[in-house]
Amino acid sequence: MKKRAFVLIMCLSILLLCGCSQGQKKEWENREEKPIIGADASGLEGEKDTYALYFRLGDTGFLAQEDRQLIVERDETVEMALVRSLIAGPSATAADLVPLFPQGTEVLATAKQGSTLYVTLNERFLSGYAAERSDGRPEEKKAAVQNERQLCLDALAATLTEAGLCSRVQVLIYRNQMQGNSMRLEEDFLLQNGSTLPLEPAVRREETLYTPHNAAMRILTLWMNRNLPGLTDCLTASGRPGEQALAEQMDASPVLTGFSLGHGQVSADGKAAVICADLTLHQNGSDWTQTGWPLTLTRERGVWKISWDALSGMMTED
């Protein structure tokens, strides 16, 4: 307890005393500095609640949620408990989700100023991402690293904003040997261009969340590209055929050449969703459009998926 309090006081003192150099300041940093007040941990002893934690969906560019019941210990805040759980990764039952944070990452402190939540991590957060160990051309590897690091920031923002704790997240890095004059995460973390300018706070980005609309878009894109392994991953476990059966269905089905999607509607219990789709199809030299097709999805272990009956129904020519 004393150690955590010491780290928090030390980190906040450094933050208040240090700032970016005059040539590095951005407009959002020029506001009047006010003391950052730590979140109140009173009354949280033994508190239990369910929260949505966001992790990467396989090797995609999406984040899917895992609903997890957390017990907040008496000596930590809800913010600390959520970030600690994100770092630990998804549970064993969330088979479609993968962890994002590098091994050894630790959350040292959280504090709130206005609608911004400051999260202090150790320097292990800066490197050790899976994409850094991948092979391929330098530009492809760089893009993969950027994507993985951005998703890590997006996971923080999505989880903490959905819990109603803030509107944006500023990551601070505590280094054993402080370099420069600011703890704020630098642009080089994402851009990998050597920039020491502070990276702006992470905000919730709906385009990275695996919503019913984004799930439907992915499923139809995979169909259009005839990506059988990807489509297989999008199927619910119940009634899922083998890849060979899916290939045979694909060969006998019209070619999807285009589509558009509506906003969709989620059921009251949050377990199903329907999105209207307009499909442009081609087969045997003919083109036609199916309008207002009800694309039905099921939420399976936190991930939106489509049943084999629903997918094959779309692929069958009327």
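This is a predicted model: local features need pLDDT of at least 70, side-chain atom pairs count only at pLDDT 80 or more; totals for chains, interfaces and linings use all residues.
**Entry 1: Arg301**
I looked up Arg301 and found a positive phi of about 55°, although this residue is not a glycine. Next I checked where Arg301 sits: in the loop between β11 (286–300) and β12 (303–305). Is Arg301 buried or exposed? Its relative accessible area is 60%, and the cut-off is over 50%, so Arg301 counts as exposed.

**Entry 2: Gln192**
Then I turned to Gln192, which is not a glycine and has a positive phi of about 50°. I found Gln192 in the loop between α4 (188–191) and β7 (202–203). The relative accessible area of Gln192 is 29%, so I wrote it down as partly exposed.

**Entry 3: strand β1 and its partners**
Now for some strands. In which sense do β1 and β2 pair? I noted that β1 (residues 47–57) and β2 (residues 63–72) are antiparallel, with 10 bridges.

How many residues lie between β1 and β2 in their hairpin? I found five, and Gly58 in the turn has a positive phi of about 55°.

I also looked for β3 (residues 97–98), and there I found two bridges to β1, again with the strands running antiparallel. In this pairing, Leu57 has Leu97 of β3 as its bridge partner.

Technical notes
Residues are numbered from 1 along each chain as its sequence is written. Side-chain values use heavy atoms; hydrogens and water are left out. Helices (H or I, at least four residues) and strands (E, at least two) are DSSP runs, numbered from the N terminus. Buried means under 20% relative accessible area, exposed over 50%, partly exposed in between (1.4 Å probe, protein chains only). Two strands pair if DSSP finds at least two bridges between them.
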